[in-house]
Amino acid sequence: MKQWFWYLCLATVAQAQTGYLTYPTGVAPSGVTAADLNGDGRPDLVIANTGSDSLTILLNDGTGGFTTLAPFSLGQATSTIAADLNGDGKTDLVAIGPGDLYAGPPAVGLVVLLGNGDGTFQPPLPVSDCGEAAEVQVADLNGDGIPDLAATCLSAGRFGIPIGAYLLILPGNGDGTFGTGASYSLGPTPWAVLTIADFNQDGKLDVAVATEGTVTVFLNDGKANLTPILSTGEPWNYAPEIVAGDFNGDGILDLAVSGELAADPQLGTVAVLLGKGDGTFQAAPSLQTTGYGQLIAMDLNGDGHVDLAEGLSTLVFFAGHGDGTFETGFPFGGSGSIGSSLALADFTGSGVMGFAGTNVLVTPSGNANGNTVILPRAVWPSLAVANVSGAGFGLGPLAPGSIATAFGFNLAAGSATATGTPPVLLGGATVSVTDSAGATRAAQLDYVSPGQVNYLIPPDTAPGLATVGIGASSQLARSRSYQWPRPCSP
């Protein structure tokens with residue numbers, strides 16, 4: 001018998017997803033950043049509250065929860081990045097927000113917050129030369145061992161509407177401040193984002209910038225002198241994110257860009273560009289999505305291939321095949337609206353990544369209060385088998401009595417659909433569920449095929465971690481571990 005094993009976290013109430021934590025934030029939360037803010041080795045969270053001019057700081061308590069500190073007052077910040085800018089071993093922040101273009105105090109623009117090492121921060125230090133930053137990253141670009149700052153800055157036209165952008169490189173002074181640097185025009189565009197990596201394999205960090213429909217790579221000579229090379233036109237309009245990763249396993253970095261699909265602005269796209277090793281790229285099959293948001297690239301399911309996660313109305317997971325293509329995205333059902341910004345981190349110390357996003361809660365009076373939504377330990381399915389809710393195909397724990405769907409390969413010898421009462425044997429396939437109390441029950445089957453099995457979670461299944469086995473014909477047994485986020489509470 002061929003058998004696949006994975007774990008299900010089963011709830012005692014009919015929920016598509018459990019295990020999420022929520023914490024209140026300020027008004028209109030936007031960007032969320034994960035970093036160790038107090039030096040205890042655990043990732044904490046920073047949420048930028050655009051509507052209440054503050055940062056919410058959540059410290060990881062080491063037990064799967066978080067402790068909220070007093071809000072940090074800071075203008076209209078929209079996002080932050082974390083780095084040690086002054087070499088004292090404490091995490092600092094760079095915060096960005098509306099600046100010169102939108103001219104409404106209290107504008108943030110671009111500022112540095114030096115960390116005290118306990119989750120609190122010193123008063124902001126303004127960074128000049130970039131009145132309206134679209135995105136900022138920090139890396140040592142000139143080889144002196146001190147973090148430098150790279151920012152995409154917007155240029156204003158009439159009425160403060162962005163009509164162009166430029167790339168700004170500022171050398172770090174080693175004390176959290178930055179010196180005078182160089183700027184590079186990005187042409188007429190309403191938006192620009194960047195990522196930093198070695199794209200031509202010379203051991204020096206380069207900068208890739210996505211603008212409206214193009215990607216331009218700026219090759220670095222090792223002293224932060226940048227040379228732009230071939231711009232790649234792609235089918236997006238507005239592009240809010242660009243990330244780098246080796247998507248096809250050839251040892252050369254590739255790019256993925258999330259954006260508004262040019263052919264249909266109601267849809268989104270994740271354009272995949274495979275690197276040639278010289279700083280140029282060629283297009284690979286892109287992913288069509290329902291929107292566009294923050295994009296993260298890393299191996300999330302532990303199969304050795306780089307995956308993608310995108311913040312849409314929920315987090316959507318795209319499993320990488322290892323050849324530059326990706327599986328159709330699975331949403332994390334039940335997570336609510338996490339906005340377009342998200343952060344991934346190992347919040348539990350288990351080696352499994354969780355995620356956090358923001359949720360704006362508009363009240364009847366029009367106030368945009370919000371919270372942060374956290375799944376401390378997420379489930380990242382392998383390509384071999386993905387187990388999802390039968391209602392909406394969302395990832396996550398399932399309720400007793402609910403319909404589950406397993407997608408995979410060779411799950412059944414053929415296709416069959418139940419008529420009348422669903423049987424426990426259909427088309428030569430069976431499903432068994434062993435719950436957290438050790439009881440094993442046969443699951444009723446509604447539909448089976450080599451690539452999909454629809455089954456009913458037995459109503460008496462105990463809450464907690466369970467093992468599900470899918471058997472097909474008399475083939476050789478084989479197993480695969482699959483861990484759900486955390487045990488559910490009754």
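Author: Contact here means heavy atoms within 4.5 Å. This is a predicted model, in which local features need pLDDT of at least 70 and side-chain atom pairs count only at pLDDT 80 or more, while totals for chains, interfaces and linings use all residues. Residues are numbered from 1 along each chain as its sequence is written, and side-chain values use heavy atoms, with hydrogens and water left out.

Reader: OK. What does Ser449 touch, not counting residues up to four places away in sequence?

Author: Ser449 touches Leu411, Ala412, Gly414 and Ser415.

Reader: Where is Ser449 placed?

Author: Ser449 is in the loop between β36 (444-448) and β37 (452-456). Strands are DSSP runs (E, at least two residues), numbered from the N terminus.

Reader: Is Ser449 buried or exposed?

Author: Ser449 is buried, at a relative accessible area of 8%. Buried is under 20% relative accessible area, exposed over 50%, and partly exposed in between (1.4 Å probe, protein chains only).

Reader: Which residues have the most contacts inside the largest nonpolar core?

Author: Leu426, Val431, Leu445, Val448, Val453 and Tyr455, in a core of 19 residues. Such a core is a set of buried Ala, Val, Leu, Ile, Met, Phe, Trp, Tyr and Cys residues joined through side-chain atoms within 4.5 Å.

Reader: Which element gives the most to this core?

Author: β34 does, with three residues.

Reader: Switching to β12. How does it pair with β13?

Author: Strand β12 (residues 133-139) pairs with β13 in the antiparallel sense over six bridges; pairing requires at least two DSSP bridges. Glu135 has Thr152 in β13 as its bridge partner.

Reader: Why is β13 largely enclosed?

Author: Because seven of the nine residues of β13 (residues 148-156) are buried.

Conventions. Helices (H or I, at least four residues) and strands (E, at least two) are DSSP runs, numbered from the N terminus.
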